[in-house]
Amino acid sequence: MITDPIADYLTRIRNAVAAKHRMVEVPASNLRKNITKILFEKGYILNYKFEDDVVQGKIKIALKYHPVTKLPAINDLERISRPGLRQYVNSNELPRVLNGLGVAILSTSKGVITDKEARKLGVGGEVICFVS
């Protein structure tokens with residue numbers, strides 16, 4: 001049993017990037033699917049596919065690397081809010097990752113969104129992770 005499924009998701013991606021893998025498979029959940037969609041929209045992953053053939057389902061993620069230098073698009077994945085210490089922020093306290101170059105992913109009343117979208121909507125929420 002996994003006590004923190006989001007930390008497990010981020011760790012699987014982080015380990016696959018460190019090992020220079022092209023693909024990584026993670027168990028699916030609605031929150032993980034939303035985080036995967038954000039990573040794809042912001043250009044951190046190449047592609048993804050949801051497979052719902054088994055009970056829980058899987059997410060297949062194609063990792064993105066630079067074609068010449070082979071450097072990964074994801075440099076850092078950091079879990080912020082965790083089960084033992086939840087991190088909530090107001091709309092006027094939204095974090096900036098690498099002074100706007102990275103992305104903070106938040107769970108809000110408007111769904112799972114980035115810090116920039118939360119600023120536009122004027123909402124706060126739980127800070128799930130930082131991606132840079």
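Student: Let's start with R12: buried, exposed or partly exposed?

Tutor: R12 comes out partly exposed, at a relative accessible area of 33%. Keep in mind that this is a predicted model. The cut-off for buried is under 20%, so D8, at 18%, counts as buried.

Student: Which side chain meets R12 in a salt bridge?

Tutor: General idea: side chains of opposite charge can pair when their charged atoms come close. Here, D8 and R12 form a salt bridge at 3.0 Å, N to O. Both sit in helix α1 (residues 5-18), four residues apart, which is about one turn of the helix.

Student: And what is the salt-bridge partner of D52?

Tutor: That's K33, with the closest N and O atoms 3.5 Å apart. This pair links distant parts of the chain: D52 is in the loop between β2 and β3, while K33 is in helix α2 (residues 30-41), 19 residues away. D52 is exposed at 55%, whereas K33 is buried at 18%.

Student: How do β2 and β3 pair?

Tutor: In the antiparallel sense, over six bridges, with β2 covering residues 45-51 and β3 residues 58-63. They make a hairpin with six residues between the strands, and G57 in the turn has a positive phi of about 90 degrees. K49 stands opposite K60 in β3.

Student: Which residue forms a salt bridge with K60?

Tutor: E51 does, with the closest N and O atoms 3.5 Å apart. E51 is buried at 16%, and K60 is partly exposed at 24%. Shared partners then join E25, K49, E51, K58 and K60 into one salt-bridge network.

Student: How many salt bridges is that for the count?

Tutor: Nine.

Notes
Residues numbered from 1 in each chain as written. Predicted model: local features only at pLDDT ≥ 70, side-chain atom pairs only at ≥ 80, totals over all residues. Heavy atoms only, no water. Pairing = 2+ DSSP bridges. Helix = DSSP H or I, 4+ residues; strand = E, 2+ residues; numbered from the N terminus. Salt bridge = Lys/Arg side-chain N within 4 Å of Asp/Glu carboxyl O. Buried < 20%, exposed > 50% of the residue type's maximum accessible area, 1.4 Å probe, protein only.
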